Amino acid sequence: MKEFLQQPWPWYVAGVLIGLIVPILLLLGNKHFGISANLRHACAACFPAKINFFQYDWKKESWNLFFVGGILIGAMIAAFGLPDLNPIVVHPALVNELKDYGMSDYSSMVPKELVSWESLFSVRGLIMMVGGGFLVGFGSRYAGGCTSGHAIMGLSNLQWPSLVATCCFMAGGFLMANLILPIIMKL
Amino acid sequence: MHPSQPEIVTDFEVRSLDTMCINESEQQHPWWYNFKYLIVGVLFGIVFVKAEIISWFRMQEMFRLQNFHMYGVIGTAVVVGAISVALIKKFKIKTIHGEEIHFTAKKFNKGQIIGGLIFGLGWALTGACPGPIFAQIGMGITVMIVVLLSAIAGTWVYGYLREKLPH
C-alpha cells in the first residue's frame, strides 16, 4: 500500500481530489477556493501602510491562512512520509533543452541548479526567484485570483471573466517558457 | 444614510472583484473551527506533492505541450468542481452549519487580461503558482521562502499602484 502511494499519482486521481476541494470548502463554511488572497492578507496584517486595498478585517479571512498552513504540513508529510525514491521522469525534449542550460539534476521536483540558495546569487537565479515571485504576486492580485481562484473555482462556477483570466495565464506562461526563459537561462 | 456607507459599499465591490474577501458569514465560530480548513489543506498539500503539481519540470512541460499531465489535473478538477457547484445550486445544499451557500459573480475588468498575462509570465518562470510555493517550502525547498516574500512584495506594490492602473 505504502509503495503504491509513493509512486507519482496519476492526473485523474489528483484532478478529482482537487476538484472536490471546491465543494468541501463551500460545505464546511461557505469558503471559496483561492490561495493568492493569502498574500493580500499578509500585506493587510503586516504592512497595510494606509493603502486602501489593505484596509479590511483580515482576521475574518484567517481560515485561508489555516488552509495554506495545511498545505505546508501536507507537503511535509508527503515529502518525508511517502517519498518517491526514483528520479522525476521528464520529457526527453525538455531534458535536451535543459542540458543546454547546464541543468541535469532530476533528483528533486525542482532543478537544483536553478532553485537553491547558491543559485539565488546568480543572475538567472535572482531573476527567476525574486523576479518571478514578484510577477506571481503582482499579477495574481491584478487579475483578482490565481490558478485556484480563477482556473478552478471561477471556471467551476462558470464565470466567463475567469475563463479570460485562465487563457491569459496560459498565454503568459507559453510566452515565458518558449521565448523569454531561454534568454534568461543563458544569462 | 450614514456618510461612511458608500465607502463600505465600494470596499465590498473592490473585494468582490477578488477571489474571496467576501465571506461575510453571519455565523461566529470560535477560532479553532478553522482547523477544519487546515485538515483540507493537509490533504491538498499531499496531492500537490504526490501528483508532482509542484514540479518546475511539469510546468515547463505543460507550457511546451510535452505532457498532458497538468491539463488532465486542471481539466478534471474543473469538471468535478463544476458538477459539485451545479449540484449545490440545484438542490440548495447548505453548509454543515445550516447556512445557505452563496456565490458571487466575477465582474470583468482589464486586470484579468493584463494581470493574467503578468501572472502567467511569473508562473512559468518560477514553475509555481501561489499554492505550490507553500507546498515547496513545506517539502524543504527553503529557498522558496524568497519567492514567497517576493510575491508578497508584488502584491503590496499592486495595492500601492492600484488606483493608477487600468482596470
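**Reading the contact between the chains**

Reply: In this predicted model, the contact draws 114 residues from chain A and 110 residues from chain B. On the side of chain B that touches chain A, at least two residues come from each of helix H1 (5-16), helix H2 (35-50), helix H3 (56-63), helix H4 (69-90), helix H5 (111-126), helix H6 (130-138) and helix H7 (144-161) of chain B.

Me: How many nonpolar, polar and charged residues does the side of chain B that touches chain A have?

Reply: That side of chain B has 63 nonpolar residues, 35 polar residues and twelve charged residues.

Me: What does the secondary structure of chain B come to?

Reply: Chain B has seven helices and zero strands, and its pattern along the sequence is α-α-α-α-α-α-α. Of the 167 residues in chain B, 49% are buried. Among contacts in chain B with a separation of 6 or more, 48% join residues 24 or more positions apart.

Me: How are two packed helices described?

Reply: One gives the angle between their axes and the distance between the axes. Here, the axes of helix H3 (residues 37-46) of chain A and H7(B) cross at roughly 75 degrees and come within 9 Å. Because angles of 65 to 115 degrees count as roughly perpendicular, H3(A) is roughly perpendicular to H7(B).

Me: Which residues of H3(A) and H7(B) meet?

Reply: From H3(A), A:Leu39, A:Arg40, A:Ala42 and A:Cys43 meet B:Ala151, B:Ile152, B:Thr155, B:Trp156 and B:Gly159 of H7(B). By class, the residues of this contact are six nonpolar, two polar and one charged.

Definitions and conventions: Residues are numbered from 1 along each chain as its sequence is written. Chains are lettered from A and ligands numbered from 1 in the order in which they are written. This is a predicted model: local features need pLDDT of at least 70, side-chain atom pairs count only at pLDDT 80 or more; totals for chains, interfaces and linings use all residues. Two residues are in contact if their C-beta atoms, placed from the backbone, lie within 7 Å. Helices (H or I, at least four residues) and strands (E, at least two) are DSSP runs, numbered from the N terminus. Ala, Val, Leu, Ile, Met, Phe, Trp, Tyr, Cys and Pro count as nonpolar, Asp, Glu, Lys and Arg as charged, and the others, Gly among them, as polar. A residue is buried if 20 or more other C-beta atoms lie within 10 Å of its own, exposed if 12 or fewer, and partly exposed in between; C-beta atoms are placed from the backbone. Axes are lines fitted to C-alpha atoms, for helices over the stretch in contact, and angles run from 0 to 180 degrees between N-to-C directions. Angles under 35 degrees count as roughly parallel, over 145 as roughly antiparallel, 65 to 115 as roughly perpendicular and the rest as oblique.
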